Amino acid sequence: MKPLIVGNWKMNPDSPGRAVLLAKKVELGIAKIKGANIVIAPPFPFLLPVGKVLKRARLGAQDLFWEAEGAFTGEVSWHQLKHLRVEYVIIGHSERRALGESDEMVNKKIKAALQAGLKPVVCIANAIQLKKALKTIQESRVKTQDSILAFEPLSAIGTGKPYDVGASKRMRNAIKYPFVLYGGSVNSKNAPDYVKKAGFQGFLVGGASLKAGEFVKIVQKICQ
Ligand code: PGA
């Protein structure tokens, strides 16, 4: 099982030109690294231009809507993402939940992603969110390498305060799924501990994914 590193660019950078430049720099850095799967998740408007320059990395989206098309102002459907060659989709990020996304919506989005053949990266901050996210979804459908969970403790997201490795390990052990990422203030210095000591299969990287050099270093460190 190769580790997976997902770069969540959130609402960055501010222009398509900068997005393409960042993607090109990441590609250059990871071109020769074989031991990991890498996903770049830019904002919706940059999926197309960034997708065009990705070779080694796969394309991810930061959200999806569960209907294929219709009167849903502002939403982007799984169907539209498939046309852009998106393969992974982040679902239930805490920043979306803070804006009102419910457990029920998260659950619907996971079902839509699985149905569409998109690989969901489901963000959860605790065991209750995990249970609600996967409600009525057959275990066998999510216990594969193509369904990814990301443990993202709220105190660690975007704060520069990574979660305690020991506590992360306990959480990792409690999640009985094969592929679980850690997310929350990951950088090239703390990354190896979450894989080697806590037992995660990779990372969901926010802030550090906006600096090509640092993101590439994270990948290099866990491939050593
Ligand atoms: P961070 O974000 O790496 O900036 O803490 C992680 C995330 O939001 O997934």
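Q: In which loop is Arg 85 found?
A: This is a predicted model, in which local features need pLDDT of at least 70, side-chain atom pairs count only at pLDDT 80 or more, and totals for chains, interfaces and linings use all residues. Residues are numbered from 1 along each chain as its sequence is written, and side-chain values use heavy atoms, leaving out hydrogens and water. Helices (H or I, at least four residues) and strands (E, at least two) are DSSP runs, numbered from the N terminus. On that numbering, Arg 85 belongs to the loop between H3 and S4.

Q: Which strand does the chain reach when it crosses from S3 through helix H3?
A: S3 is joined by two bridges to a parallel strand, residues 88-91; strands pair if DSSP finds at least two bridges between them. Within this pairing, Ala 61 stands opposite Val 89. The β-α-β crossover through H3 (residues 78-83) is right-handed, that is, clockwise over the helix with the strands pointing away from the viewer. The strand reached is S4.

Q: Which residue in S3 stands opposite Ile 40?
A: Strand S2 (residues 37-41) pairs with S3 (residues 58-61) in the parallel sense, over two bridges. Together with helix H2 (residues 47-53), these two strands make a right-handed β-α-β unit. Opposite Ile 40 stands Leu 59.

Q: What is the omega of the cis peptide bond that joins Asn 12 and Pro 13?
A: Pro 13 is found in the loop between strand S1 (4-8) and helix H1 (16-30). The cis bond joining Asn 12 to Pro 13 has an omega of about -10 degrees.

Q: How much of the ligand's exposed area does the protein bury?
A: The residues around the ligand (a heavy atom within 4 Å) include Lys 10, Glu 152 and Leu 204. Polar contacts (N or O pairs within 3.5 Å) to ligand oxygen atoms include a side-chain atom of His 93 at 2.6 Å and a backbone atom of Ser 185 at 2.7 Å. Another is a backbone N or O atom of Gly 206, at 2.9 Å. Taken alone the ligand exposes 280 Å² (Shrake-Rupley, 1.4 Å probe), and the share buried by the protein is 95%.

Key
Polar contact = N/O pair within 3.5 Å; in protein donor to acceptor, adjacent residues only side chain to side chain.
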